[in-house]
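Here are a few exercises to work through with the model open on your screen. Try each one yourself before you read the solution.

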Amino acid sequence: MSKKTTSDWSRRDVLKASAATTAIAGAPMFFTKNAFAADYVNDPGDASTVTLGFNVPQSGAYADEGADELRAYKLAVKHLNGEGDGGMLNTMQPNALKGNGILGKKVEYVTGDTQTKSDAARASAKRMIEKDGVTMITGGSSSGVAVAVQSLCQDAGVIFMAGLTHANDTTGKDKKANGFRHFFNAFMSGAALGPVLEKNYGKERNAYHLTADYNWGWTQEASIVASTENIGWNTAETVLTPVGAGDFSQYITPVLNSGADTLVLNHYGKDMVNSLTQAIQFGLRDRQVDGKDFQIVVPLFSRLMAQGAGDNIKGIFGSTNWHWSLTDAGSQAFVKSFGQEYGFPPSQAAHTCYVQTLLYADAAERAGTFEPCAVVGALEGHKFDGMGNGPTEYRADDHQCFKDVLVVKGKDNPSSQFDLLEIVEVTPRAQVEYPVDHEMFAGGDLGTCNNGV
Amino acid sequence: MNKFSAISDWVLLFAFAAAVYSMPIWLEPLGADYPDLMQRFAIFGLFAIGYNILFGLTGYLSFGHAAFLGIGSYTAVWSFKLLTMNVVPAIMFSMLVTALFAVVIGFISLRRSGIYFSILTLAFAQMSYKLAYSVLTPITNGETGLQLTLSDARVLDAAAGIEVTRSLPVTNFFGIKMSGMPGFYFCATVLVIGFFISLRIFRSPFGAMLRGIKSNQTRMAYTGLNTKPYLLWAFIISGMYAGVAGGLMAVTDPLAGAERMQWTASGEVVLMTILGGVGTLLGPFIGAAVIKYFENILSAYNTTSLTQVFDFVPEALQPIVVDVVSLFVGSGWHLTLGLMFMITVIFLPGGIMEGVRRIGSIFSRKKPTAAITSTPSASENASGA
């Protein structure tokens, strides 16, 4: 056991110790690496390769989406390097890419697991920036994560090409100059769904919202409430549910007694599969309230979720960014090469991630450099076509893509296990567009682009 | 003998400090010499060292220390939001607020010992997590995580005339940016200070008292001694360590998420301490570094990088080798950690430090002592090896 008492530590000892500690503390400053000699952070310089960071959820409630995103990224890298059949490189308009990597550098990639947690996602993104030297980070299937990683990329000075993120905040109050979103957002879902819901369910409805308790859920709830109240619906109640809850029965039981005749599920991924399945097990869809059939709406739909929910999605309305059954040349080229590679059609998450990678590569090619500010300049206001959504524009003011939105419905008679959604309406861009200072997007500042030096 | 032990403690402290500050050099071959991971080594090392003061010395197994980590983080981010981007007040407030929580949680939990104490702390941590996750969202911003915004008050910065630009301000230590390498040196300095305090506690009568509680609390009580205040102090001190660690997490990356308080995070620090060596000075830090290394490096491997690693294997065998190994890396890194943990507790119940001591004893002619490093003879062995 310890033999020494406090008295052994004289004032002199302490002084000596602190002097020595200072000396040691100072020493390593001389060894600090001169990492920032380049004009921008992670400049690939003369290297023959460039590294991209794919940061996707490999565990957690959105793991299915993450797995599909990763497949799309690998495919995009193949196509960029001139392997495979080229996919959308053949349909993209305009297209500066030559199929020899980006700016003649072969594309390599690193992957990371966001675990659908902001903390883990930022740790993983930091590793990519500091260790692997990526010039761009992309991916994610949660807006909480997207916002967190986007602000990290802004601070570090790399480009962030958001994956699946649907919250208004990503290009609203949390928008950043180094971040770009191709995916549509909650406001657009609301604007597209409103008229369709009115046509099918009438003007007099009483809606009950179950909402995932984070920024995506909050903004989607606000968007859908605004758009449905606009067509005359009443909002009975809005209830927040934790992400990854698994069991939603305690939230669904009160719906039965609330007098509501419509349930809006602001859930995504496995959460949506669980809450929808349980809502149907509780017999919600067999109910009648005041002579009206009870209806369920899932504002953000994806095929992966539809697959998980099985028969339960039949006849349910929702919106989606893209669907593999689209017949334009870009979509078909992508579905074909994705199908050849993996044996099944891609999800909307895969699509947006694939497109984002190509858009980044094209922007760097056009800019002639990987320098973040030059790439930002090349992407801002960029108009393109042939990527599956028709004519699309990256709005310079908030880095949000504007394009048509799909309103879909769960198919009553699916012809295959993937053919689960039918497209009810393609809502034109003009109907879902909003001013930059719209109240649901206000409060943020794009700031200025950051090269990280 | 006293004199000798004092000298060997200084040697230990300086060796530790030298090892920590030179991490950027000797971690390079391991691929871990990037600032974010080294910051994590320092932060979680500090967390585990503090945890060890409670668990290692008194034997009270707290399963809820992550709550303090989270509270420290939230406090620090709020200090950045409301007061100033300077890290010093943030760390101070992290320490103070966590101490307050530790007093309350410790006072209640320490009414019981053994498994009941563990369950109570676990319950408190889960309560804190649930509160942060969904109930107290105005304070914690829930799942999204508490982040800085342009419109934050930052009254001290505003009073000092620091203008708000269009981009978010960064955390600083009197002007030195606290991200990247400077951030690491800041964390490393706090770690060395934390290690020094832990060393002093280990050597103090207070530490001896805590060890007494571990070996036989009833006997301590029979001698007419009230052990509760000692336990509570140990709990508060280790809680403050966790708070500072949480504050440092916010310093290097000003964002606080509720998942920091989840029970898995509490379990992680227990793993770190046991893996490194419970009740040893250096063990918890080593355990923390090993676990964080695995978490960040192993989890980053994917099939492509594995194929590159196993390039030397004959082509026919390569897919098989890659398939087998890929179970243990990437998202399967927990499997590796689990295996390593099992092997450690089965063959080296004293953790990595016991392994080090056994190797040391091979080179030494003296019979190895079973006692912990604090015995002079053991230190002598170690320094002789």
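**Exercise 1.** Which residue in strand 17 of chain A is the bridge partner of Val407(A)?

Keep in mind that this is a predicted model. Start with the pair of strands: strand 16 of chain A covers residues 405-410 and pairs with strand 17 of chain A in the antiparallel sense. There are six bridges between these two strands. Now look across from Val407(A), and you land on Glu425(A) as its bridge partner.

**Exercise 2.** Work out the strand order of the seven-stranded sheet in chain A, and find its edges.

Read across the sheet and you get 7-6-8-11-12-16-17, an open arrangement with mixed pairing. Next, check the two ends: strand 7 (234-241) and strand 17 (421-427) of chain A are the edge strands, each pairing on one side only. Neighbouring strands here are turned by 20° against each other on average, ignoring direction.

Then see what lies across the sheet. Helix 5 of chain A, residues 186-201, lies across strands 8, 11, 12, 16 and 17 of chain A. Its angle to strand 12 (317-320) of chain A is about 155°.

**Exercise 3.** Decide how Val289(A) is classed: buried, partly exposed or exposed.

Then count: it has 17 C-beta neighbours inside 10 Å. Buried needs 20 or more and exposed needs 12 or fewer, so Val289(A) counts as partly exposed.

Now for its surroundings. Setting aside neighbours within four places in sequence, Val289(A) is in contact with Gly259(A), Asp261(A) and Phe294(A). Leu256(A) is 33 residues away in sequence, with a C-alpha to C-alpha distance of 9.6 Å from Val289(A).

**Exercise 4.** How compact is chain B for its 385 residues?

Begin with the inventory: chain B has 18 helices and four strands. Its radius of gyration is 22 Å, close to the 21 Å from the globule rule, so chain B is as compact as a globular protein of that length. The C-alpha trace of chain B spans about 70 × 65 × 40 Å along its principal axes. Finally, buried residues make up 49% of chain B.

Definitions and conventions. Residues numbered from 1 in each chain as written. Chains lettered and ligands numbered in written order. Predicted model: local features only at pLDDT ≥ 70, side-chain atom pairs only at ≥ 80, totals over all residues. Rg over C-alpha atoms; globule rule 2.2 N^0.38 Å. Pairing = 2+ DSSP bridges. Axes fitted to C-alpha atoms, helices over the stretch in contact; angles between N-to-C directions. Contact = placed C-beta atoms within 7 Å.
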